[in-house]
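Please work through the exercises below with the sequence and the model open, and try each task before reading its solution.

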Amino acid sequence: MGTCPTRSRANRTVLENTSEPVAAAPQGALTVSLFNYPSFGHTELTMCIAERLDIVSNDGDFMMVKSSTTGRESYIPTNYTARVVHGWLFSGISRYKAVELLMQSNNQKGAFLIRESETSSDSFSLSVLWKTNGTRADCVKHYRISRLQNSWVYISPGLTFPSLQHLVEHYSESADGLCCPLRRPCFIRGLSSPRESRPAPVAIRRPTINWKDISRSAIFRRKRTGSDNSLVSEGLREAISSYIQLTEGTDHGWDT
C-alpha cells in the first residue's frame, strides 16, 4: 500500500539561499565526474563532467578511475568526483556545482538533483532546472528540504514525506509550489539509458476522507483485529502526529 503525504492549510514553498556542499558519501553509490579532465592546454580529455566513472583503485585523497565512455584511465583527486544514489542524490557537491551539472546541454526543463546540506546535518537541498535559456542564476531554483524528528522530510511544512524517494515521486506528479514538476534526474553520461527505461512507480491511494467529519480520537485509534481496514494507514497517522508537533499550539479543527 502506498504512503499518503500529509497536507495542511499552509502550503508555503521555502527557497534556500546558501551554498551547501555535502559530507559523507553513501555506500554502494555511483561515482560521477565533476570536471572535464585534464582541463589544461590541448591535451585530449580523459573524462568529461557528469560522466559515470569506474573506480580502479582508491587511495583516499586520490583514486584511479576509468571513463565509462572513452575507456581511458586517470589518477585524479577524490574531490573531482561525486557519489550518486538513486540517480539524483548527489554527495560531495556545492550549490555552484549543482548549477553547473544541471546546465549541461543534455538536461531539459524539470531536470533535478538533491544534495546534502553542509550547514545542517539533517537537511538537504533540491536543485531544479526550470528554464534552459538565460543566466545561470535564473535557470536553476533551489529548495531547502528539512527533516522532522521522526526522519520525515518536507519542503513545505504542510506536506511531509517518509523519505526523499516519496518526496521525489510526489513532486514528479505535480509541481505543487515548485517552479515546475520534477521530470528526470540530472543527466549522467553512461547511465541515461537504464534510468530512462525504469518504470514509473505506482502509487496506491486511499479514498478521500472528509476530515471535518472525523474526530481526533478516530484518527489515532488503532484496530485490534489486525486487519488493514483502519481509517488511515500507520504512515499517515505518524505524518499527522508529526504535523501536530510541527504546528503545536494552533487550532487543527479536530475535537478531542
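Helices (H or I, at least four residues) and strands (E, at least two) are DSSP runs, numbered from the N terminus. The model is a predicted one, in which local features need pLDDT of at least 70 and side-chain atom pairs count only at pLDDT 80 or more, while totals for chains, interfaces and linings use all residues. Residues are numbered from 1 along each chain as its sequence is written, and side-chain values use heavy atoms, with hydrogens and water left out.

**Exercise 1.** Locate Asp176 and decide whether it is buried or exposed.

Solution. Begin with the position: Asp176 sits in the loop between helix H3 (164-173) and helix H4 (192-197). Next, apply the cut-offs, by which buried means under 20% relative accessible area, exposed over 50%, and partly exposed in between (1.4 Å probe, protein chains only). Asp176 has 17% relative accessibility and therefore counts as buried. Finally, look at the backbone, where Asp176 has a positive phi of about 50 degrees although it is not a glycine. Most residues other than glycine have a negative phi.

**Exercise 2.** Describe the place and the backbone of His86.

Solution. His86 belongs to the loop between strand S6 (81-85) and strand S7 (89-91), and its phi is positive, at about 65 degrees, although it is not a glycine. Because its relative accessible area is 42%, His86 is partly exposed.

**Exercise 3.** Which residues does Asn106 contact, leaving aside its neighbours within four places in sequence?

Solution. Asn106 lies in the loop between helix H1 (95-102) and strand S8 (112-116). With contact meaning heavy atoms within 4.5 Å, Asn106 touches Phe187 and Arg189 once those neighbours are set aside.
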